[in-house]
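Here are some short notes for a first look at this structure. Please read them beside the model.

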Amino acid sequence: MIDLSSEEIALLHRFAGERQRSRIGFYLSVLATPLAFAIYGAVNRDVIAMAIAFFGQFAFVVWVVRGDTRQAATLRAIATRLLASDNERDPATPA
């Protein structure tokens, strides 16, 4: 059995239990306000509303990318351990 850290196990449990529909719903709910500002700004030619929409969406994207990069390091560690464990069981398999 592969010895995973508690952080790695927690991430695997999160991915295993997560439904794609709930994730899409979360993204849509967070982006609804900037989208409303963007539509309002475009219809009324309001530069301030469009700027609020842009910076709201920009902040959201930065937040998501930051979270994904943190998880990427943990996923790399899990993948490395899984591949190392697989190579120990079957050394004839190329890495």
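1. Helix 2 (20-44) and helix 3 each supply at least two residues of the lining of the largest pocket. Helices here are DSSP runs of H or I with at least four residues, strands are runs of E with at least two, and both are numbered from the N terminus. A pocket is an open set of points on a 1 Å grid over the protein atoms alone, where a 1.4 Å probe fits, with protein on both sides within 12 Å along at least five of seven lines; lining residues have an atom within 4 Å of a point.

2. The model is predicted: local features need pLDDT of at least 70, side-chain atom pairs count only at pLDDT 80 or more, and totals for chains, interfaces and linings use all residues. Residues are numbered from 1 along each chain as its sequence is written, and side-chain values use heavy atoms, without hydrogens and water.

3. The chain has 3 helices and 0 strands, in the order α-α-α.

4. Helix 3 gives the most to the lining of the largest pocket, with 7 residues. Among the lining residues are Arg14, Tyr27, Trp63 and Gln71.

5. Gln71 belongs to helix 3 (residues 47-89). This residue is buried, at a relative accessible area of 17%; buried means under 20% (1.4 Å probe, protein chains only). Beyond its neighbours within four places in sequence, Gln71 is in contact with Leu11, Arg14 and Phe15, where contact means heavy atoms within 4.5 Å.

6. Buried residues account for 13% of the 95 residues in the chain.

Methods: Buried < 20%, exposed > 50% of the residue type's maximum accessible area, 1.4 Å probe, protein only.
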